[in-house]
There are 2 protein chains.
Amino acid sequence: MNQSAANNLQDCIQAVTPLDRATTSAIQARLDDLTKPQGSLGRLEELALHLALISQNAGRGPNPKVDPSRIYTCAADHGVAAQGVSKFPSEVTAQMVRNFLHGGAAVNVLTRSAGVELRVVDVGVAHDDFTADVPDSTMLLRRKVKPGTADFSFGPAMSEEECTEAVAAGISLAEQAGEEGVLAVGTGEMGIANTTAATALYCAYLGCSPERVTGPGTGLSAQEVRHKAEVIARALSVNSNALPPAPPLRTLAALGGLEIACLTGLILGCARRKLAIVVDGFISTAAYVAAWKIQPHVADYAFFAHGSAEPGHRIILDQLQARPILDLGMRLGEGTGAALAIPVLRAAAAMLNEMASFSNAGVCSAT
Amino acid sequence: MNQSAANNLQDCIQAVTPLDRATTSAIQARLDDLTKPQGSLGRLEELALHLALISQNAGRGPNPKVDPSRIYTCAADHGVAAQGVSKFPSEVTAQMVRNFLHGGAAVNVLTRSAGVELRVVDVGVAHDDFTADVPDSTMLLRRKVKPGTADFSFGPAMSEEECTEAVAAGISLAEQAGEEGVLAVGTGEMGIANTTAATALYCAYLGCSPERVTGPGTGLSAQEVRHKAEVIARALSVNSNALPPAPPLRTLAALGGLEIACLTGLILGCARRKLAIVVDGFISTAAYVAAWKIQPHVADYAFFAHGSAEPGHRIILDQLQARPILDLGMRLGEGTGAALAIPVLRAAAAMLNEMASFSNAGVCSAT
């Protein structure tokens, strides 16, 4: 086993601290003195308050910023794809990574449009022929732990050591982001069959039933969804020794994916560095739940970008009492929801930092 | 009467044509060939399709753009403010215009954050002392028809001539925007007591009852909301000859506001120029309803930025079968919702224009 990965993980878990909220009322007073009826910017005010708390706790001062912001789209393959749980063959994971590196995927376009940086992380892509003709080498980060997980309907997807390595890779991404001055980090993923892994994790961590939270992913029929739920039920049964009260990392190893484990580490690492974390959709939220089970204080740094059209996402967000910023009926992943939500966070921060107050603008406040 | 304003309005109404939707299936096929599961970008795909139809109908080609985009924040005062229907005194309209011109209001910050241009239009501000120390003269457009409306709880807010002049001013703004290459126009407004005018218009145009759609605006108590609803009921009674089946312009004159009438013209003018119209919140939607009653084809060019926290807005949007892009619990107006929605439209257009297709990216499509 890679002892340094395990140490990194333990160090990180211990270094995540909850937000000190002592300045909440001072920030709220500042928001209330801006030239607008109190509370009239709704969620934007809540987001600004949250960002300001993070900024203050991080020692970055009272004016929060989200730029530079960056999305990490982590890619890996899943052995369970062999069970026919996706409309797409496994080869598409590598093909989409190639597409990312050529700038033609949705997350490329949406990050460009939003002024957000993009990094693509190979944590476990099986068919890595995409490396042949990469036009932008700084975009690709090679962190392959192994070329895809084992089929978890027969046994654990990963060993705990492999899982720890993938988590540690995510932690190191957060370290790097912090070193490079990034202030908001979005999660993204690519991995054929990874809604199956995410759903299995929800069932394990949150006690959901596969029938209730299994959805069509990239476009399964009702019958195919039933088959997928059966595969997940079998995986839960085969890996019963990895279910709670087993440690959350064992659950992640048994039922997760390499990209999900990497995102779990990314979330833990960002929480340690007190960076705003923008959790994308259905799969990213599973990585968040794993991180939250490992270290509950990650909740203090998380923003939920959007409610996915994958039906289980709403159930999970409700259970987490998490309110997504956007609700655009999207179910693509890659980080596309995070790319759309970051401009809203940017606007929230700017509002707090740049708006005039009633007193200095000479505007009468409410009677 | 200003005959040229009336002629401009008639010309504009006649020149608005519905969208030819013959290319819908071709655009849909293009969307479906992009490297993502079909339909997985949800609303973003619908918005892209709508933008592409507008672009094609305008002769601007198959690749829609929203930039440059611009918000017109139209300001005016309301005689009905004397009835105590707002938490803020009328003077705040002018004070906020001054705030706009100094760059310190919410709409300034949010348009800057979003890369959207801003113009502030004085259509009828009563206290125009804000002109003394204006730092950015290109931001202010002087189109004052008169210094505020009459109190419509005693009679019409405006004469039909004045209303026509304000509508014509809005049409000319759209013309100017079109000449200057603007491709998406957001609506914004500032006018103390204008939720009262907007609510009265909804009651008149859509047959809503004042009790049902009157809300707290900038922050009235429940008792104050009841008073506001009574004022609106009285206005509807006093102006009964302006209710349908009276012509919609007469209704607008009796119960609207100068900024609402200007926005009505802006919407009509943008529809004529086939520009994407981004309707902001509760008051802007009332201007939209007026424009739609005058010329139903404006619906083909309209996007609804957000669902306002002003409770009546959801009722009205449902009645219009309009789905807002965002739902952030905002109720400020000024164009703040439009400023947040334009980046989503920009992302939708970029997605259609820039994403790789399955064939050219070498990605397998679904089985």
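Let's start with A:Arg346, which is buried, with a relative accessible area of 16%; buried here means under 20% relative accessible area, exposed means over 50%, and partly exposed is in between, with a 1.4 Å probe and protein chains only. Its salt-bridge partner is A:Asp67, and the N to O distance between the two side chains is 2.8 Å. By salt bridge I mean a side-chain nitrogen of Lys or Arg within 4 Å of a carboxyl oxygen of Asp or Glu. The pair connects distant parts of the chain, 279 residues apart: A:Arg346 sits in helix H14 of chain A, and A:Asp67 in the loop between H3 and E1 of chain A. Helices (H or I, at least four residues) and strands (E, at least two) are DSSP runs, numbered from the N terminus. A:Asp67 is partly exposed, at a relative accessible area of 31%.

A word on what you are looking at: this is a predicted model, where local features need pLDDT of at least 70 and side-chain atom pairs count only at pLDDT 80 or more, while totals for chains, interfaces and linings use all residues. Residues are numbered from 1 along each chain as its sequence is written, chains are lettered from A and ligands numbered from 1 in the order in which they are written, and side-chain values use heavy atoms, with hydrogens and water left out.

Staying with A:Asp67 for a moment, the peptide bond that joins it to A:Pro68 is cis, with omega about 0°. A:Pro68 belongs to the loop between H3 and strand E1 (69-76) of chain A. There is another cis bond to show you, from A:Pro244 to A:Pro245, with omega near 10°. That one falls in a loop as well: A:Pro245 is between helix H9 (222-238) and helix H10 (248-255) of chain A.

Back to charges. Over all chains, the structure holds 34 salt bridges. One of them pairs A:Arg273 with A:Glu175, and their closest N and O atoms are 3.2 Å apart. Here too distant parts of the chain are linked, with A:Arg273 in helix H11 (residues 258-273) and A:Glu175 in helix H6 (residues 160-179) of chain A, 98 residues apart. A:Arg273 is partly exposed at 26% relative accessibility, and A:Glu175 is partly exposed at 25%. There is also a network, in which salt bridges with shared partners join A:Arg70, A:Glu117, A:Arg119 and A:Glu180.

Now, what about a charged residue without such a partner? A:Lys228, in helix H9 of chain A, is buried yet has no salt bridge, and the nearest side chain of opposite charge, A:Glu310, is 4.1 Å away. For charge, Lys and Arg count as positive and Asp and Glu as negative; His and the chain ends are not counted. Which backbone oxygen does the side chain of A:Lys228 reach? That of A:Gly215, at 2.9 Å. Leaving aside neighbours within four places in sequence, A:Lys228 is in contact (heavy atoms within 4.5 Å) with residues including A:Val85, A:Thr195, A:Pro216 and A:Glu310.

On to the interface. The contact takes 51 residues from chain A and 51 residues from chain B. Between them the chains bury about 4200 Å², 66% of it on carbon and sulfur atoms; buried area is the accessible area (1.4 Å probe) that two parts lose on being put together, summed over both. On the chain A side, A:Pro37, A:Phe88 and A:Leu328 lose the most area to chain B, together 12% of what that side buries.

How many salt bridges cross this interface? The rule finds 2. In one of them, the side chains of A:Arg112 and B:Glu354 meet at 3.0 Å, N to O. A:Arg112 is partly exposed, with a relative accessible area of 46%, and B:Glu354 is partly exposed at 39%.

Let me finish with two backbone details. Phi is positive, near 50°, at A:Gln321, a residue other than glycine; A:Gln321 is in the loop between helix H13 (311-319) and H14 of chain A. B:Ala193 also has a positive phi, near 85°, and lies in the loop between strand E4 (184-190) and helix H7 (194-206) of chain B. Buried or exposed? A:Gln321 is exposed at 75% relative accessibility, whereas B:Ala193 is buried at 6%.

Terms used
Polar contact = N/O pair within 3.5 Å; in protein donor to acceptor, adjacent residues only side chain to side chain.
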